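Reader: I am new to reading protein models. Could you take me through this one in short steps?

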Amino acid sequence: MSDNFQKILNVRNLTNSTFVLEIEKNGMIFEPGQHILLGKAGDIHHREYSIYSGVDDPSLEVLVKEVEEGDVSKKLKRLKSNDEVEIQGPLGFFTIEEEFLNGDSSFLFISSGTGISPFHSMVKSIPGLNYKLLHGIRTIDEAYEKDQYDPDRYIACTSRDNNGDFHGRVTDYIKSHDIDKNTHCYLCGNFEMIRDAMDLLEEKGIAQDHLHAEVYF
Amino acid sequence: MKYHIVQLGCQMNISDGERVKEVMERLGFESTDDESEASLLGVIACSVRQKAIDKVYSKIQKWNKWKNKKNLITFVTGCVLPADRLKFLKTFDMVFPMSELPQFPEMIQQYGIVSPAGLMSIDRGLQEMEKPVLNIKNEAAFQLKGIKFPEKKKGVFHPEKGIEDFWHITPHYGSGFEAFIPIQNGCNKFCSFCAVPYTRGREVSRPSGEIMNELKYLVEKGYKSITLLGQNVNSYGLDKKGKEVSFASLLEMIGEFGNSSGKDFWVYFTSPHPRDMTEEVIEVISRYKCLAKQIHLPIQSGDNEVLVRMNRKHTVDQYRKIVNSIRRLIPQATLFTDIIVGFTGETEDQLENTRKAIEEFKYNMAYIAQYSVRPGAASSRWVDDIPKDEKKRRYHLLTDELMKHSHEYNKNLIGKTMDVLVRGKDRKQGYLSALTEGKIIVRFPSDNTELIGSFVKVKVESAAPFSTEGKMII
């Protein structure tokens, strides 16, 4: 595990409040789906952020949404290139087991907001992944870097406008579509979405050992 | 010159406290239970509950008032959240993570204290101090030469850094027959109700050679009950994959030593995380006599949704598979657990699932805690929405369920003769209190305090939900 002060290489602003920090990688080896502890260099507060970049990308990326009362995200929002952050990691277990990748496994990734981050890393890191990605967002401008996914596999579920691929929440999408019982379902985002989606998936006959969740707090 | 330590929190803090005491005493300070006669006052803090941290604030207010009248040095160490650390820096003389304990003599020198007597002359200032001469009884165990204060990188707190040096300190064991051996520190799991990942930092495993040395030393000294400690004790070795043995292999090494030692002793471990509990670990425990047949396996909730919200990273079904393995491979094992009741958003149905889990797994003991917000933990951002009285009701409901099963188990012990370790006088006059290998309390009539710390045989004659009573077999 590395534990470092690392420089910010670039900041990509995606919306007024959401941005991608590109950070020096310094040789960090991680599995797609893992997270890091991240904070402004010298600050006492750190938070867990899923790694957004692929395992072979030259820099380490995290997708951050500024939270009004946040101890960390507000400070990260003010950082620029060459500023330093402190990183610990990689950490976490929200990864795809090797055995699932053998054969013709299919994956359903269900996310809300910045919960798309670990799936972005998985899709970039694992070539030929047979996935469908549901992204629960309010409006289409929150479809962060949607061009980086196969358009046939990415489904923006927009609850407040009609400009997505599906109008409604991810749970509405799950309710109205058939899901193969052998699908490995990975969920990431706020707890309420995960809870409701898990209940629906279980009702549809997905076994518990095919359900994997990472809650964002 | 005397020191007084206020020790708060869990077994890990108790174990850490044994090393703190050793450092104080090697410096020549004497322990006192009376804080008013101490010159060195310290707190081993716990951040699990706000109540414990409030106690630290209350202590330091009092101690700082005493400073007007006498020379005192105060310190705080242990589990401290970064935000509290900043506040403590303004009120305590020294604030340091446990991992920096080996540098305590140097820290205290900065106050001009080179020996306990130095506290008498603190107000004369540093200029009168002579070359430091520390009262170190065993330099091999407590190296001072070459110690430097770590570079404080922009005030960032790294509680796990230097923990290996901390483990080199020989502890001042609190008992002559029961001991803790820390084997792992820190946590990478980030359960949403817990602040430990922020107070103790990342998982670090202690070298297996050191663990074995400490264990062999204790067994040679006649210790009978040894507990391997860690925040995620069975994550042992995962931070040093390929460079250190696994937890199962460590237990195997201990088991082999137990077989060859010719001594009787029991080795326990706490607390494991279900995620890292392998069948190999259970199988190793089943094979070796010295590995106690008692498993503490925290479930926290019997409901999958609550487990997700707690960020426990296991389901009830995964937990069930581990318990099934324990029952198959070690049928005689007792099973203990931890449960949090009244967690944010817990519904009646979810509570019922926890009750069903107690019914299914038939625990011998469950440490049931009514949920309270841990400042710094992720769940502290959620509304604590279950009223106190309701938590209490749920607590009693689960306790009643637990008692049914523990009582049933204990009743089945009636008529059996058990090997027990005598731990001390019982509250019941004229009785001694002991524990079976499975940590079931057995009390028996005897005034012979010389039995304390030894194994005896007791025939169980009666049973209560959480204890039994019997007669010693000579």
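Author: Start with a term: two strands pair if DSSP finds at least two bridges between them. Helices (H or I, at least four residues) and strands (E, at least two) are DSSP runs, numbered from the N terminus. This is a predicted model, in which local features need pLDDT of at least 70, side-chain atom pairs count only at pLDDT 80 or more, and totals for chains, interfaces and linings use all residues. Residues are numbered from 1 along each chain as its sequence is written, while chains are lettered from A and ligands numbered from 1 in the order in which they are written.

Reader: In which sense do strand 2 and strand 5 of chain A pair?

Author: Strand 2 covers residues 18-24 of chain A. In this pair, A:Glu24 stands opposite A:Ser59 of strand 5. Seven bridges join the two strands, and their sense is antiparallel.

Reader: How many residues of strand 5 of chain A are buried?

Author: A residue is buried if 20 or more other C-beta atoms lie within 10 Å of its own, exposed if 12 or fewer, and partly exposed in between; C-beta atoms are placed from the backbone. Strand 5 of chain A spans residues 59-65. It is largely enclosed by the rest of the structure, because the buried residues number five of the seven.

Reader: Which strands stand at the edges of the open sheet in chain A?

Author: Six strands form this sheet, paired in parallel, in the order 10-9-8-7-11-12. An edge strand has a single partner strand, so one side is left without a neighbour in the sheet. That describes strand 10 (166-167) and strand 12 (211-216) of chain A.

Reader: What is the bridge partner of A:Cys185 in strand 12 of chain A?

Author: Strand 11 (residues 184-190) and strand 12 of chain A run parallel, joined by six bridges. The partner of A:Cys185 in strand 12 is A:Leu211.

Reader: How far apart do the C-alpha centres of the two domains of chain A lie?

Author: The domain bounds come from an automatic or database domain assignment. For chain A it gives domain 1 (2-91) and domain 2 (98-216). Their C-alpha centres are separated by 23 Å.

Reader: Which element of chain B gives the most residues to the side that touches chain A?

Author: Two residues are in contact if their C-beta atoms, placed from the backbone, lie within 7 Å. By that rule, 22 residues of chain B meet 17 residues of chain A. Helix 3 (82-91) and helix 10 (304-309) of chain B each give two or more residues to this side. With four residues, the top contributor is helix 10 of chain B.

Reader: Which residues touch the most other members of the largest nonpolar core?

Author: A nonpolar core is a set of buried Ala, Val, Leu, Ile, Met, Phe, Trp, Tyr and Cys residues joined through C-beta atoms within 7 Å. The largest one holds 170 residues. Its largest share, six residues, comes from helix 5 (residues 191-203) of chain A. The members touching the most others are B:Ala45 and B:Val267.

Reader: How much of chain B counts as buried?

Author: Chain B has 13 helices and 18 strands. Its length is 474 residues, and the buried part is 47%.
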